[in-house]
Amino acid sequence: VTGDHIDINLPSIVQKVESAQQFINSHRVFGISLFEVMQRDEEKLKIPKVIDSICNCLLQQAIHVEGLLRISGSIYHINAMRDTIDCGIALDFTQVEVHNLTGLLKLYFRLLPEPLIQPAISRTLFAIDLKKTEKLRENFNEVLVQMDVYSFELLKYIIKFLNSISLHEAQNKMSAANLSIVFAPNLFVMSSINATDAINETFKMNNFTEFL
C-alpha cells in the first residue's frame, strides 16, 4: 500500500475465484444432470451417493414417523444443507431433523435440469389406460425401458424406497396413494397451462406413481 493507493493483483484474485468455482462445480450435486453426477462418482453406485445415504437414513431411523415425506421442513435449513453438500462437505444425516431431510430429498428431484421421467416418456405413460389391467405391467415396462440407464435405475430405487415406507402405513399414515400425491410432482413436470388439463395430468401422475 502506497499512500491511498492499494495494489491489487487482479489476475491472482480472478484465478483464485475460478479455482474456487471449479472446486464447487466438481462437487456439486443439486441442479446438475444425473448423467454428470454419475460420471464423476468414484464409487460407481447406480444412483447418486447422497440420495442413497438420505434414503437409507430415513428407512433406518424415521420409517415410523407420521407424515413422512408429507410434512414440510424448514426451507432455510434445507437450502443450507444443499449448499453445504454442493461445496463437497459431508453431512451426518442421522443428526438432521427428519422433515428437513425428506425436504432435501424432494429438492434434489425438483432441481434436476430435466425431470426424472422426461416429458416424452410421460406422454406415452399417460396414454396407457390404467383400467385395462391385462398386460398393464408389460405396457409400462415397455415405456420405462426407453429411459436412459441412470434415470431408470434411480426411478427403480426411489419407487422401492416409497414402497418400503408404505409397508409401515399403520404407523406413518403414508399409504401408497398418499405417497404418490406428495412425491409424483417431483418425478414429472407439468406440461399443461390450462387448469383442467393440469388437473388431469396431476391425476395421471399420482395414479402412475401409485401403480408402480
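Of the 212 residues in the chain, 37% are buried, where buried denotes under 20% relative accessible area, exposed over 50%, and partly exposed the range in between, computed with a 1.4 Å probe on protein chains only. The model is a predicted one, in which local features need pLDDT of at least 70 and side-chain atom pairs count only at pLDDT 80 or more, whereas totals for chains, interfaces and linings use all residues. Residues are numbered from 1 along each chain as its sequence is written, and side-chain values rest on heavy atoms, with hydrogens and water left out.

The chain contains 11 helices and zero strands. Helices (H or I, at least four residues) and strands (E, at least two) are DSSP runs, numbered from the N terminus. Contacts are defined by heavy atoms within 4.5 Å. Among the contacts in the chain with a separation of 6 or more, 69% are accounted for by residues 24 or more positions apart.

The largest nonpolar core comprises 49 residues, of which Leu 105, Phe 109 and Ile 158 touch the most other members. Such a core is a set of buried Ala, Val, Leu, Ile, Met, Phe, Trp, Tyr and Cys residues joined through side-chain atoms within 4.5 Å. At least two residues of this core are supplied by each of helix H2 (34-40), H3, H4, H5, helix H6 (119-126), helix H7 (136-144), H8 and H10. In soluble globular proteins, nonpolar side chains tend to be buried together. Leaving aside neighbours within four places in sequence, Leu 105 is in contact with Ile 51, Ile 54, Cys 55, Leu 58, Leu 69, Ile 158, Phe 161 and Phe 183.

Two helix pairs involving H5 were examined. The axes of H5 and helix H8 (residues 149-166) come within 14 Å and cross at roughly 150 degrees; axes are lines fitted to C-alpha atoms, for helices over the stretch in contact, and angles run from 0 to 180 degrees between N-to-C directions. H5 is therefore roughly antiparallel to H8, given that angles under 35 degrees count as roughly parallel, over 145 as roughly antiparallel, 65 to 115 as roughly perpendicular and the rest as oblique. The crossing of H5 past H8 is left-handed, a term applied if the near helix is turned anticlockwise from the far one by less than a right angle, with right-handed applied if clockwise. In this pair, Leu 105, Tyr 108 and Phe 109 of H5 meet Leu 154, Ile 158 and Phe 161 of H8. The contact of H5 with H8 has six nonpolar, no polar and no charged residues. In this classification Ala, Val, Leu, Ile, Met, Phe, Trp, Tyr, Cys and Pro count as nonpolar, Asp, Glu, Lys and Arg as charged, and the others, Gly among them, as polar.

For H4 and H5, the axes come within 9 Å and cross at roughly 60 degrees, which makes H4 oblique to H5. The crossing of H4 and H5 is right-handed. From H4, His 77, Ile 78, Asn 79, Met 81, Arg 82 and Ile 85 meet Asn 100, Leu 101, Gly 103, Leu 104 and Leu 107 of H5. The contact of H4 with H5 has six nonpolar, four polar and one charged residues.

The loop between helix H3 (49-61) and helix H4 (75-86) includes Leu 69. Leu 69 counts as buried because its relative accessibility is 0%, and its phi is near 80 degrees, a positive value in a residue other than glycine. Ser 74 also lies in the loop between H3 and H4 and, at 25% relative accessibility, counts as partly exposed. Although Ser 74 and Asn 100 are 26 residues apart in sequence, they are 6.0 Å apart in space, C-alpha to C-alpha.

His 99 belongs to helix H5 (residues 98-110) and is buried, with 11% relative accessibility. Apart from neighbours within four places in sequence, His 99 is in contact with Val 65, Glu 66, Gly 67, Ile 71, Ser 72 and Gly 73.

Glu 153 is located in helix H8 and is buried, with a relative accessible area of 18%.

A positive phi, of about 60 degrees, is found in Lys 173, which is not a glycine. Lys 173 is placed in the loop between helix H9 (169-172) and helix H10 (176-187) and counts as partly exposed at 45% relative accessibility.
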